[in-house]
Amino acid sequence: MKKDTLLKNTFFIICLLGSVMSFSACTKPTASYEKASTESLMEVKDNNVLYETAMAEPVLYLTVGWENDRKNTGYYSWTDINSHDISWYETNDEDIHYCEALVQFGDETGPSSTSFGYGDLTPNATVRLIGHKASKRPQKSYKVKINSGSGNVSGVKNFNLKKCFGDPFRFLNKLSNELIRDIDPLLSARTEFVHLYVKDNSLEGNQLFVDYGLYTMTESVNKRYLTNRNLNSSGELYDVENFDFRRHEDVIVQPTDSRYDQKKFEQLLEAEGSNDYSKLIRMLDALNDDSKDIESIVNSYFNEDNLYSFMALNILMDNKDTDTEKFYLYSPVGSEKFYFIPGDMDGSLRADYRLVRDQDYSAGWEKGIFIFNDSVLFSKILKNRNCINKLSEYVKKLHNSVLSPDNVSEKAVELSKTVKPFLFSPPDMKFARVSEEEYGTLISEIPLQMEDNYYSYNDSLLTPWPFHIKEPTILDDDTITLNWEESFILDSNLTYDVTLSDSWGFNNILVSKTGLTKTSLNINSLEPGQYFLKVVAKSDNSYGLEQEAYEYYNTETKKTIHGVMCFYVMDNGSIKALTYK
């Protein structure tokens with residue numbers, strides 16, 4: 001072989017070996033074997049696949065009145081279950097009545113051959129009323145439970161039919177759940193608009209299906225809800241009824257405890273999961289121990305992303321009454337952490353509607369962070385600077401993304417296209433809360449509401465907390481002490497301005513003091529009669545924002561005067577304060 005040929009072949013082999021070695025080096029596993037944290041494996045996440053297809057067809061046919069003999073079946077007629085509100089059952093110590101029903105989905109022509117209930121000839125479900133407030137409305141809301149052995153509706157055995165009577169838009173629950181889907185740390189619920197028809201066979205004559213208008217169909221949050229999201233259904237799951245995160249030692253105990261009273265327990269929480277409440281009790285013990293720091297409590301017993309996202313969602317949507325109700329708590333097996341699952345959201349975006357109903361309407365103190373201050377958990381978070389800083393990050397992030405005014409408005413406009421034809425046609429038009437013109441105006445103002453909610457949050461951080469005015473007391477010398485609770489504000493000092501008048505318009509001022517640092521004021525005796533006391537908290541920061549008290553007075557013309565306590569000096573010299581519940 002010639003020398004030059006040998007050199008060429010050798011060079012080629014060296015290059016080839018170099019390439020193989022280079023390729024081999026690139027395909028070798030990395031030298032790092034760092035492990036993902038086990039805590040991340042326990043995080044609760046939604047199952048986005050669930051939302052890719054509709055839960056049900058758009059028309060629901062409900063046939064009721066199969067058997068009305070309570071002695072034989074234990075079920076009631078459609079008329080019976082609609083005759084009493086939830087409070088009636090509680091007052092009379094009775095279980096809520098159920099009605100047998102045949103559930104079928106389809107379109108306006110009838111049940112669809114590919115949908116649940118097609119071909120069924122006998123009851124496949126039961127129906128009952130839901131909601132303390134909703135059950136008092138002329139248009140009711142219902143819970144539907146599919147019978148065992150009758151299959152399910154897209155994996156759902158229980159679902160709610162919500163009329164959302166108090167919602168002027170009639171789409172806030174669906175809108176909110178669609179928005180929540182795009183907020184990763186939160187779990188949403190599947191919702192569909194359905195046109196409900198009801199046929200009551202218990203009535204005389206040949207009955208037809210009666211149009212009940214548009215409903216929002218929502219899956220129930222229960223064990224199956226968790227299973228559908230690949231979550232362990234054996235964990236602790238609670239439907240929050242009226243719960244302020246206080247310990248409630250005599251009520252929140254294990255079911256095996258001799259003190260356990262299910263009815264008292266369910267006035268606070270309804271257990272939808274495990275019958276072992278040990279994690280809930282441990283969390284409440286720690287939370288209500290004032291020697292323990294709230295940051296460590298949050299870190300130990302809650303998922304920060306989930307908790308702060310939940311708070312930010314409700315603040316930006318201005319969803320009222322959500323600090324002690326309208327949500328679920330879930331703690332998976334093997335974890336001490338609790339997760340918030342949003343519930344009813346139809347208290348959102350109501351400010352403009354209330355102005356339509358009452359031009360003198362004012363939200364008073366109830367905005368920004370103050371929608372959360374009745375809860376031990378949330379109030380402790382909101383009084384901690386580091387927690388506030390974290391919450392502000394989530395509020396800003398959501399305001400600039402999922403809950404931006406443009407995004408919320410776009411989704412609202414799309415949903416209104418389905419709702420509006422129903423809302424302004426029989427039977428729903430009879431109960432519409434606004435005119436068609438007002439409806440369009442409210443839709444157009446949603447971006448402004450969202451922006452106002454964001455700035456109200458920022459303002460509330462610089463505003464003193466609301467507080468209670470106490471009933472005045474009479475001293476031995478007939479002088480009177482005016483009392484009020486201490487307000488609170490981060491990073492500032494507080495003073496109080498006090499005004500007393502004999503008219504709610506404060507036309508005639510009897511006492512006026514400013515810049516008080518104490519929470520009481522002694523005044524001279526008062527003649528028998530009606531009086532109005534106003535106390536305003538002010539901070540020494542440079543923003544000049546002030547806060548009124550929780551108390552309010554309703555005038556004879558139904559005008560609400562915020563931040564005012566009405567009290568009477570009686571003929572016998574005693575004092576009686578007027579309170580509203």
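**Strands and their partners**

Guide: Strand E2 (residues 99-107) pairs with E4 in the antiparallel sense, over 3 bridges. Keep in mind that this is a predicted model.

Visitor: Which residue in E4 is the bridge partner of Glu 100?
Guide: Thr 126 of E4 is the bridge partner of Glu 100.

Visitor: And what about E4 and E5, how many bridges there?
Guide: E4 and strand E5 (residues 142-146) pair over 5 bridges, in the antiparallel sense.

Visitor: What holds paired strands together in general?
Guide: Strands of a sheet pair through backbone hydrogen bonds, parallel or antiparallel.

Visitor: Which way do the E4 side chains point?
Guide: Ala 125, Val 127 and Leu 129 point one way. Thr 126 and Arg 128 point the other way. All of them are buried, Arg 128 included.

Visitor: New topic. What is the strand order in the open sheet of 3 strands?
Guide: The order is E13-E14-E17, with antiparallel pairing. Strand E13 (473-474) and strand E17 (520-523) are the edge strands, and each pairs on one side only.

Visitor: How many bridges link E13 and E14?
Guide: E13 and strand E14 (residues 480-483) pair over 2 bridges, in the antiparallel sense. Thr 473 has Thr 481 in E14 as its bridge partner.

Technical notes: Residues numbered from 1 in each chain as written. Predicted model: local features only at pLDDT ≥ 70, side-chain atom pairs only at ≥ 80, totals over all residues. Heavy atoms only, no water. Pairing = 2+ DSSP bridges. Helix = DSSP H or I, 4+ residues; strand = E, 2+ residues; numbered from the N terminus. Buried < 20%, exposed > 50% of the residue type's maximum accessible area, 1.4 Å probe, protein only.
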